[in-house]
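Open your viewer and get ready to select residues by number. This tour tells you what to click next and what you will find there.

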Amino acid sequence: MTQHTTLITGATQGLGRALALDLASRGGTVLLHGRDRTRLEAVAEETRAAAPDTTVRTYLADLSDLEQVHAMAGRIRTAEPYLDGLIHNAVAGGGAEPLTRELSRQGHELRFAVNHLAPYALTRDLLPLLTDSAPARVINIASIGQEAIDFDNVMLERDYEGLRAYCRSKLAMIMATFDLAAELRGTGVTVNTLHPAHLMDTNGVREYGLTPVTSTQEGVRPTVRLLLAPELATTTGRYFDQFTDTRAHEQAYDTEARERLMRLTHSLIQ
């Protein structure tokens, strides 16, 4: 993997940190994103110590603020000559107070903003660099937890609950994956999404009050496979349950619903 450059969002803890350490052990360049400067520098130091021959650089941004998302993309395009891997791992889970509806900097429902709008906007902004670096792969880390989007209540101003918001935002991420993959066919950039593992030992799982049942390493293996496996070099627009290419929620295959989501998404990320 010595020539690869991969950006991992949400790299300061949980699955993101585990992915950083795994990919750094393979060489190349690893770009780490986080929203807390102290934690970001700590994981960067840990990664450099574990893999001294790997180049590690950091990018700070709060993904709940689209202005910061666009600004970070601009810094990456300026500083990085090459980017052939992008793993969208940063996540807003169900929350410690799941009945409290939270908003992003732009006033959007927080889970929809962080789990869908931010990764889509970041990918869009980085497309010139990704296509110039092709073959390149974009990996959207979704979830087996998916719930249909109500287009009359996208921001869950009614009937809000944190896990419901999370499941809808992850389905939005999957739907956007399918659309972007279709758009990018022939460019050398593939876009896939996966459920990495069930209830991994992460802060988000514990914060919501759930008991972890697997380690983050269980999620690392299928994610790294999607990023690096030669046999998946041309696979695009697919949803994986760990290693299995399978079907997502039925709404993900509703072309009218996807078109509505994309129109809304583009109007919100400007």
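The stops below go from the whole chain to single residues.

**Before you start**

This is a predicted model, where local features need pLDDT of at least 70 and side-chain atom pairs count only at pLDDT 80 or more, while totals for chains, interfaces and linings use all residues. Residues are numbered from 1 along each chain as its sequence is written, and side-chain values use heavy atoms, with hydrogens and water left out.

**Stop 1: the whole protein**

Show the cartoon. Along its principal axes it spans about 50 × 40 × 35 Å.

How many of the 270 residues count as buried? The share is 56%. Buried means under 20% relative accessible area, exposed over 50%, and partly exposed in between, with a 1.4 Å probe and protein chains only.

**Stop 2: the largest nonpolar core**

Select L7, F112, L126, L130 and L261. Of the 51 residues in the largest nonpolar core, these touch the most other members. Such a core is a set of buried Ala, Val, Leu, Ile, Met, Phe, Trp, Tyr and Cys residues joined through side-chain atoms within 4.5 Å. Next, colour α4 (110-132), which supplies the largest share of this core, 11 residues. In soluble globular proteins, nonpolar side chains tend to be buried together.

Zoom in on L130. Leaving aside neighbours within four places in sequence, L130 is in contact (heavy atoms within 4.5 Å) with L83, L86, T123, A136, V138 and V189. A second, separate core has 26 residues, including L19, L32, L40 and L232.

**Stop 3: helix α5**

Select residues 162-183, then pick A172 in this helix. Buried or exposed? A172 is buried, at 0% relative accessible area. Beyond four places in sequence, A172 touches F112, H116, I149 and L261. A172 and T265 are 93 residues apart in sequence, yet 9.6 Å apart in space, C-alpha to C-alpha.

**Stop 4: helix α8**

Click R258, in helix α8. R258 is buried, with a relative accessible area of 15%. Its contacts, leaving aside neighbours within four places, are M175, F178, D179, A252 and Y253.

**Stop 5: the loops**

Go to P135, in the loop between α4 and β5. The peptide bond from A134 to P135 is cis, with omega near 10°.

Move to L156, in the loop between β5 and α5. Its phi is near 50°, a positive value in a residue other than glycine. L156 counts as buried, at 1% relative accessibility.

Now try T236, in the loop between α7 (216-228) and β7 (239-241). T236 counts as buried, at 10% relative accessibility. Which residues does T236 touch, not counting those up to four places away in sequence? They are A181, R185, T190, V191 and N192.

Finish at Q242, in the loop between β7 and β8 (244-246). Phi of Q242 is near 55°, a positive value in a residue other than glycine. Q242 is partly exposed, with a relative accessible area of 24%.

Notes:
Helix = DSSP H or I, 4+ residues; strand = E, 2+ residues; numbered from the N terminus.
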